[in-house]
Amino acid sequence: MPILGIDYEKCTNCQQCYYACSKFFKRDKELNKIVFTDPHHLCDSCGRCVAMCKSDAIIYENLGELLEFEEVQNPSKLISYGTMHKFMSAKRSIRGYKKKKVPKRILKKILDTMKYAPTGANIRTLQCTIISDDDKIKKLSEIVMDAIISSGNPSYSQNFIKAKKHGIDTIFYNAPHIMIIHSNNPGDSMNATIALTYGMLCAQSLGLGTCWIGLAHGVLASSKEIREKIVGIHGNVWGVIIIGYPAQIYYRVPPRPDIKTKGLNELV
Ligand SMILES: Cc1cc2nc3c(=O)[nH]c(=O)nc-3n(C[C@H](O)[C@H](O)[C@H](O)COP(=O)(O)O)c2cc1C
């Protein structure tokens, strides 16, 4: 039970915890204060109460590191729309990498950002497997190609037969690292997609390139044998990306169609 209660020495009775979560924070009229009550341990540890308490009066344990920085109250001060828009629109799928491994501390930074991605009901069951061994990546690439070839999908089979013959890795593009997101929670699909998207954007801020590899995801998601015996993952695979230092340069942002939207034109 990570949220334990309220430190009344610090509490100013501002009641923000109650507004953050009226499910477990209740007004006790007799005591004239807010009390935390979770007899059935149902609190999902979202930490909104911790984040909204100005006087830091919420008592908790095992929630992870608490971040405090000035702009947390107004994140738009950190980055302008113009910079954000350029950063996001310049995010390309990278399919050519330098032969250089990414240091552990850099990959850790990416994971440290991914953990702030929202998840349904704040359920934090995602796990990550990073594969960095070149031989293992090559082997997995061949296994994925074989699986696709044997599935007989005409849009891919011929290309992969040719690629395999010439020893070309058209699955992972000789990337130095593969990041696989998985879990035992069948409801983690969207959580994983959002977390990996956070990861790809964070990677870009660190000078790294990424590419979502749906082909590998498809094979790993559907083959328990490949998942368990080759990659050592038990449970569901939700997404696969490659990461490394880009060896490709994009000189401009490719044009993209507008998202067809209803309900915008009538607004002022
Ligand atoms: C769900 C998903 C699956 C993808 N699978 C692959 C893949 O297997 N191989 C690949 O080279 N690119 C893959 N991509 C990258 C897309 O081809 C790419 O995002 C798209 O062409 C747009 O290009 P951009 O990311 O550079 O803007 C995938 C992207 C997404 C979102």
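Trainee: Is Asp-56 buried, partly exposed or exposed?

Mentor: Asp-56 is partly exposed, because its relative accessible area is 35%. Please keep in mind that this is a predicted model.

Trainee: Which side chain does Asp-56 meet in a salt bridge?

Mentor: Its partner is Lys-10, with 3.9 Å from N to O. Asp-56 sits in the loop between helix 2 (48-52) and strand 4, while Lys-10 sits in the loop between strand 1 (3-6) and helix 1 (16-20), so the pair ties together parts 46 residues apart in sequence. Lys-10 also counts as partly exposed, at 40% relative accessibility.

Trainee: How many salt bridges does the structure hold?

Mentor: The structure holds 7 salt bridges. One of them joins the side chains of Lys-164 and Asp-146, at 2.7 Å from N to O. Lys-164 belongs to helix 6 and Asp-146 to helix 5 (residues 134-151), so this pair ties together parts that are 18 residues apart in sequence. Lys-164 is partly exposed, with a relative accessible area of 33%, and Asp-146 is partly exposed at 34%.

Trainee: And what about Lys-224 and Glu-228, where do they lie?

Mentor: They are 4 residues apart in helix 9 (residues 224-231), so about one helical turn separates them. Lys-224 is exposed, with a relative accessible area of 52%, whereas Glu-228 counts as partly exposed at 26%.

Trainee: Changing topic: how many disulfides are there?

Mentor: The structure holds 0 disulfides.

Trainee: Now the rings. How many aromatic pairs does a search of the whole structure find?

Mentor: The search finds 4 aromatic pairs. Among them is the tilted pair of Phe-25 and Phe-36, 5.1 Å centre to centre with 55° between the planes. Phe-25 lies in strand 2 (residues 25-28) and Phe-36 in strand 3 (residues 33-36), so the pair links parts of the chain 11 residues apart. Both of these residues, Phe-25 and Phe-36, are buried. Ring pairs link Phe-24, Phe-25 and Phe-36 into a cluster.

Trainee: Why does the pair of Tyr-156 and Phe-160 count as stacked?

Mentor: The planes of Tyr-156 and Phe-160 are at 10°, and the ring centres are 5.9 Å apart, so the pair is stacked. The two residues are 4 residues apart in helix 6 (residues 154-165), about one helical turn. Tyr-156 is partly exposed at 33%, but Phe-160 is buried at 4%.

Trainee: Last topic: which residues make the nonpolar surface patch?

Mentor: The patch covers about 840 Å², and its residues include Leu-67, Phe-69, Met-84 and Tyr-198. Helix 3 (81-89) and helix 7 (189-205) each give two or more residues to the patch. Phe-69 is placed in the loop between strand 4 (58-60) and helix 3, and it is partly exposed at 38% relative accessibility.

Conventions:
Residues are numbered from 1 along each chain as its sequence is written. This is a predicted model: local features need pLDDT of at least 70, side-chain atom pairs count only at pLDDT 80 or more; totals for chains, interfaces and linings use all residues. Side-chain values use heavy atoms; hydrogens and water are left out. A disulfide is a pair of cysteine sulfur atoms within 2.5 Å. Patches are made of residues with over 30% relative accessible area and no salt bridge: like charges are joined within 9 Å, nonpolar side chains (Val, Leu, Ile, Met, Phe, Trp, Tyr) within 5 Å. Accessible areas come from the Shrake-Rupley method with a 1.4 Å probe; for residues, only the protein chains shown count as cover. A salt bridge is a side-chain nitrogen of Lys or Arg within 4 Å of a carboxyl oxygen of Asp or Glu. Buried means under 20% relative accessible area, exposed over 50%, partly exposed in between (1.4 Å probe, protein chains only). Rings of Phe, Tyr and Trp (its six-membered ring) pair if their centres lie within 6.5 Å; planes under 30 degrees apart count as stacked, over 60 as edge-to-face and the rest as tilted.
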